Amino acid sequence: DSGVDFDNCLFWETSGLAPVLNSLNPGRQKIIAYFAHLTGVDSSWSQCSSSCGKGDFSDSNGHGTHVAGTASSKARGGDSSLVSAAARYQAVANGSKLVVQDIMEGGGGLSPPSDLNAGLFPDAYAAGARIHVDSWGCSPPVGDVAACNVYDTMTREVDQFAVDHPDFLIIFAAGNDGMQAQGSIGSVGAPATCKNCLSVGASEIWPDAIIEAHGLDSTAQLNAQFSSASGYSGGRSPENVAEFSSPGPCSDGRRKPDVIAPGVAVLSAQTSFSSSSGSAANFECGSSSDPPVQAKTGTSMAAPSIASLAAVFRQYFASSRVTLETGLSPITSPSSALLRAAILLSATPVTGVRFKLSSSGWVPTLGAQCPPTLRDGGSNSVKYAISSSPDGRLQALGAGIGHCSQSFVSSALGDDAQGFGRPIADKLFPSAPQKLFFVDRGSSDGQGLVQGQAARWSFKSVDLSKPLVVSLAWTDAPGSPLQSTPLK
């Protein structure tokens, strides 16, 4: 990404020492490696720890700091009151460690290596990373959405690395071109069109989260804060897909994105625009009333939350807790396929405003009949509405500008706008009498199926009112950019 401001207390080391550029230090608490690309050289990243040239620790953009904050941040430092205030915004997987790969050009744009399979992923893998979040990708020119919704060479490189490294989960942001899609083609941008990664779209956010974070007490304040913080003119309901979120399908018909996560006005770590250049870091933790965070909007903000959830699931499958709760043995190195299956199993389709294809583009629609409270003076258009709930808190009644008469065809398995829906961690761990059962083949056990083989399992239902839900994921051979159907 664009780098990480390691001076921020959400990435702080109690030693007060800065990471060493292009060097691996597994003993650090948070950032164990910080790699920077060779300035002016596109494809010479391999073995970056020994061959990288000029680089810096700055994140003048703030994009990478924000993404890393959602994925892995944990507040530390000497001022307990400031750290306590900042800790409200730390990541779900806050005990995880970070390998940072800075691909920001001097002019401010992200410039990934031309060969991801040789120039990006190997350094992260060698440093011990097993979850790789990528909040970047192709964005199409206006009116030419097909230019990015493709299975290209870079997409193939993602799939190839996943095949060669089955325990390496790659996560891509789906893109922010939701309103450009037309005809029968979505606007998910490569490399998020890959088969063996998770592609993440964006949902809206709970109004209460913004109210709590900013101490707002009126609808007017909420609207003003929401607009200024995120630049988003859509709604406020977690049941809505964000209007900018790039929907599928892929040009070859495959479903993307796979899931969605909150991507509107997400509060995460803020850069101070420059970090220490010496061996010591400068402690930056804002104030008790103004923590070192900011709101950003985009699928870039949604993808790292899925990475954080994947890290928690990975830890679970490798821990002794899995034996206590399922009777199954822990997996030393869970495969990316198992983690993808777990993420999809934990997803629940949202029921609010989504988008469907029409001849003129993506049209916001509701999954259910339009409530009368959302109609504008007898017309059928949906208007944004926020009102007070019985307990005095603000709540969203709906969002989007669409037509209630245009019902969205969706199923319990989601749709092209949201994939399989929004993951909720608790859903992976059902209550009795339901029980989680999983099999991870072909990673560390070497028992993957080959042509002509089959595997069978039998289950006895003890409560016919409870469904049997199966989530199957595999790592597929990479396709050819020249094929019209890369799945084959």
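The model described here is predicted.

**Helices α9 and α11**

- The crossing in which α9 passes α11 is right-handed.
- On the α9 side, the contact is made by Ile 306, Leu 309, Ala 310, Phe 313, Arg 314 and Phe 317. These residues meet Leu 338, Leu 339, Ala 342 and Ile 343 of α11.
- Sorted by class, this contact between α9 and α11 comprises 9 nonpolar residues, 1 charged residue and no polar residues.

**Helices α2 and α9**

- Helix α9 also packs against helix α2, which spans residues 63-72. The angle between α2 and α9 is about 30 degrees, and their axes are 7 Å apart.
- Angles under 35 degrees count as roughly parallel, and α2 and α9 are therefore roughly parallel to each other.
- As α2 passes α9, the crossing is right-handed.
- From α2, the residues His 63, His 66, Val 67, Thr 70 and Ala 71 take part in the contact. Their counterparts in α9 are Ser 300, Met 301, Pro 304, Ser 305 and Ser 308.
- The contact of α2 with α9 has 6 polar and 4 nonpolar residues, and no charged ones.

**The largest pocket**

- The volume of the largest pocket is about 1700 Å³.
- A total of 46 residues line the largest pocket. Those that lie nearest its centre are Phe 437, Phe 438, Val 439, Val 470 and Ser 471.
- Helix α11 gives the most, with 5 residues.
- By class, the lining of the largest pocket consists of 30 nonpolar, 9 polar and 7 charged residues.

**Local backbone features**

- Most peptide bonds are trans, and most residues other than glycine have a negative phi. The following points describe departures from these patterns.
- Ala 190 and Pro 191 are joined by a cis peptide bond, with omega at about 5 degrees. Pro 191 belongs to the loop between β4 (169-173) and β5 (198-203).
- A cis peptide bond also runs from Lys 256 to Pro 257, where omega is near 0 degrees. Pro 257 is located in the loop between α8 (219-230) and β6 (259-262).
- Ala 265 is not a glycine, yet its phi is positive, at about 50 degrees. Ala 265 is found in the loop between β6 and β7 (266-269).

Terms used. Residues numbered from 1 in each chain as written. Predicted model: local features only at pLDDT ≥ 70, side-chain atom pairs only at ≥ 80, totals over all residues. Heavy atoms only, no water. Left-handed = near helix turned anticlockwise from the far one by under 90°. Helix = DSSP H or I, 4+ residues; strand = E, 2+ residues; numbered from the N terminus. Contact = heavy atoms within 4.5 Å. Nonpolar A, V, L, I, M, F, W, Y, C, P; charged D, E, K, R; others polar. 1 Å grid on protein atoms, 1.4 Å probe; cavity = no way out; pocket = protein on both sides within 12 Å on 5 of 7 lines; lining within 4 Å. Points joined across faces, edges and corners; volume = space filled by probe spheres on them. Axes fitted to C-alpha atoms, helices over the stretch in contact; angles between N-to-C directions. Parallel < 35°, antiparallel > 145°, perpendicular 65-115°, else oblique.
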